[in-house]
Amino acid sequence: MASGRGLTLLAGPANAGKVALLLERYLGALDRDPILIVPHGSDVERIERELLATCGALLSGRIGTFDDLFEEIARAGGSNLPVATDAQRQLIVRTAVAQTSLNGLGASARFSGFSDALGAALAELESGLVEPDQLRGDLALLYSSYRAELEKLGLWDSDLRRRHAADLVSGELDAWSDRPVFAYGFEDLTGAQWALLEALAGRTEVTVSLPYEPNRAPFESLTRTSEDLSSLAAGRIEELPPGYAEIAPPELAHLERHLFADRPPAAPELQGAIRFLEGAGARGTLELVADEVLQLIRAGTKPEEILLVCPSVERQRAQLETALSALEVPYAIEGRMRIGKTAFGQALLSFLRFEWLAGGRHDLYGFLRSPFSGLTRAHVDYLEGRLRGRGVSDPARVVEETLKLRGQPLRMLDAFRDEPDPLEAVRALVRSMVRSAYGLDAPPVGPGPILDLRAHRAVNELLDELRAWVDLGGALSREELYGALDRATLRLARGDEPGRVAVTDLLRARTRRTEVVFLLGLEEGSFPRRQQGSPFLADEERRSIDEASRRARLTRPEAVSRERYFFYAACTRPSRRLYLVREAATDDGSPREPSPFWDETRALFEPTDVARWTKRRPLAELTWRIEAAPTERERLRALTALASRDEDEAHALAYANGWDRRLVRALGAFSRPTQLTDPVLIEELRARETFSVTELEAFADCSSIWFIERLIRPRTIDGEVDARLRGSVAHQALFKFYSGLPKRTGGERVDPERLDETLEFLRECLSEAIEGGVWIEISDLQRRELEESMWRDLENFVREEAESPLGLVPRKFEVAFGSDRSAPELQSGLRVDGFALTGKIDRIDVDPFSARGIVQDYKSGKTAFSAAKIESELRLQIPLYMLVLRDLVGMEPLGGLYRALAGERRARGLLRAEAEEDVPGFSKRDYLDEDEFWAQTERAKEHATRFVERIRSGDVQHDPKGGFPCPTWCDLWSMCRVART
């Protein structure tokens, strides 16, 4: 190739052969050591492979990104200033913010996102070659402070290096030889990139490939770039004709030529080169995609020739991984991931949160439970279970109690605390973590361990950068070190790994060529994407800067037109087939509007053709049809679904394919026989002589509740201030109060004349009850909240007691019967038809002669049961407690009351109408005549007898009182395995 100067522009639509021509000319200039500029670092290896396949060897020339070229020029020009890394730059920005006195932005500067947004804005300004004195206001102050901080540290950032390189080429004769430059894959050029291209064009031959056709909607956003390059080319423009029809089916070629056209011509018949997928729900849609991908692979398409393009890979990453993994589709997600998303990063950040950011027990144990701590999972479960059961959450107490339970130190924690240098402490910690998880004997294998090792390497590289920062004199707090680790990322995978389907975004996809493309996210709001502006650089300010500085190039193209180009680029990547995918409804069934790009594409073809090549999966289709299920797992799921409609056919298919045992297990997953059959257990139940009244009430609610709560007795792992604890404290406080009231005030009843003194005594009783009854560790704030909330209820309760017209006096409290701790006359319990009832009566109010009385049962909630509810809801306590009062205590029962301690605190219960003068002031409906009163009491005995007979026979059922569905307050459904509505 002859030596010359100036820029040559290769323009044309997608697949016109622009890049192929550019690469051909690059190979033709190898004797002059040319430079080939590609858009991404991931493109370097791919282009090298393509060129090697053409020429066999590359002995000269260089392939890299614009940044690689900037670096080479700056280094050759004698630049010796170190360049700040991304982590160092973030620290410089934060320092600049902290040192700048702000006006309008001062209130926002205290938020962490402020520095991140400012860093992005400063990068744009520097890439546009904008100086601080060209700005005004707080942004100018921040920019100047940032520059001053860089100068003080003796650093450049990457944008200053770009500026320096562009200035060198434009101002120094020996900064560049006649090495030709080739570039492709750029829709927009920053100010620095444009300055470099302009300077290079004055020194050597520059060839640039640009996808562009004038007066076509897909290329509208590239108009400025085309005009600027055309002006620089000064007539050296080669417009290539369309060539997509030579490598792709007619349908794809028609789409490329007429997408977004106002009056497209008649389309060729769709033969399957363009297909449309509509799914309901995110997972259903992606499973539809995964199934199509799997069919393509099974039909012979190489996985690396399939490309999944997403508007946002990060947003759909988890769902994509689930759908593709479930169908065993090999894939590689291109891009970067935060270290904290890996198992290694999660463990590391959990440890640092606990140590440096006043984290809680869950942070320390999040680390200890990971394989990186060196402790076994069972051991950590044991330790955390003990701490959670006691409510230990204070960080110092967590460590203290953990060490006490272990009986030996936590070596990683001790080593970390012994190292005064935070950077070295983290470095030693991550080294110990990897050794604990994977050892030193054999290299770890598998995707999970490899990702952890990548995260480990990324952490060490970041620590090296931060060590260099400290050596330069920069300040680094523990919080800043944690923030840097939290923001750090690692590269996931190449987008063209052999044997794997590539998952990438729109930006990376536009330079790829492949056989099959799936374009996802064609719903309104997903694509076109909503453009996020900068809080520092509004569109008007960008235009103003561009008008003042010809080189800045900060003005962004119109958002929808740029999205239109990205859609066009993605649709023109495949050479064989294009799938357009949209989510037609959300997971809850709400319809989603299609993207306008979806409608534009379908409008290009005959509606009957479009309908024929549209595949839908409705929300109700939770499984595949058996004959269409892509994997054995999905076939088994489909078989189970068939069994719900036609069990005989399902069993026949299962038997024919050897799945019968699996089907039986699946059908029985939510159905268990409830009858107790174990002989030892049945014998033990038959031998029981005593049953508590509250136990029988639980059986009345649902025999499965009794089985789980009273027989299995599971306990929650977390000790917390719940309704049970509050009720226990309230009972204890009232017991102390009423039993000590005579001694404190000289009377057994609450005296309205001495109410203040009485309430003071109640406060003391409550404090003592909390002190002795709260066995879990709670903070001072939790204790105050508990005491104040209970005080409000108990104070109002006692005030109402002072105004009560009831003439009886509270004299007996916590009267237990049927246990060894009961009074001698009560130890045998209440005998009923071959068994004894046990329990505890909260309070008995008696007349002055202790001959008659009523029983009272405290309820810590707002519910008190009326006489009718006692009967219909099978409440047994009050009726049976009155029999205890009569038969064991030796008093004539006048009735029984439930006393709610919260809410309206209305006392309801079962009372004798003939004793209304002795127990006045209650609801009229709760007074029953003698026959009905004693009949209801006897019916309670009959219910108790029936429940005991069922318990002794092991008759456990799913029988919630009132029938199905189960009551909303029951949280045992996951154990009794009853499906909830």
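I was working on a predicted model, in which local features need pLDDT of at least 70 and side-chain atom pairs count only at pLDDT 80 or more, while totals for chains, interfaces and linings use all residues. Residues are numbered from 1 along each chain as its sequence is written, and side-chain values use heavy atoms, with hydrogens and water left out.

Cavities. I took a cavity as a set of points, on a 1 Å grid over the protein atoms alone, where a 1.4 Å probe fits but cannot get out, with lining residues having an atom within 4 Å of a point. I noted 6 cavities of 30 Å³ or more. For the second largest cavity I listed 11 lining residues, with Ser42, Asp43, Arg46, Glu334 and Arg512 nearest its centre. Helix α2 (residues 42-55) gives the largest share of this lining, 3 residues; helices are DSSP runs of H or I of at least four residues, strands runs of E of at least two. I sorted the lining of the second largest cavity into 7 charged residues (Asp, Glu, Lys and Arg), 4 polar and no nonpolar.

Strand β1. I then checked its pairing, which requires at least two DSSP bridges between two strands. β1 pairs in the parallel sense with β5 (residues 205-211) over 7 bridges, where Leu7 stands opposite Val206. β1 also pairs in the parallel sense with β6 (residues 237-239) over 3 bridges, and there Glu239 is the bridge partner of Ala11.

Methods. 1 Å grid on protein atoms, 1.4 Å probe; cavity = no way out; pocket = protein on both sides within 12 Å on 5 of 7 lines; lining within 4 Å. Points joined across faces, edges and corners; volume = space filled by probe spheres on them.
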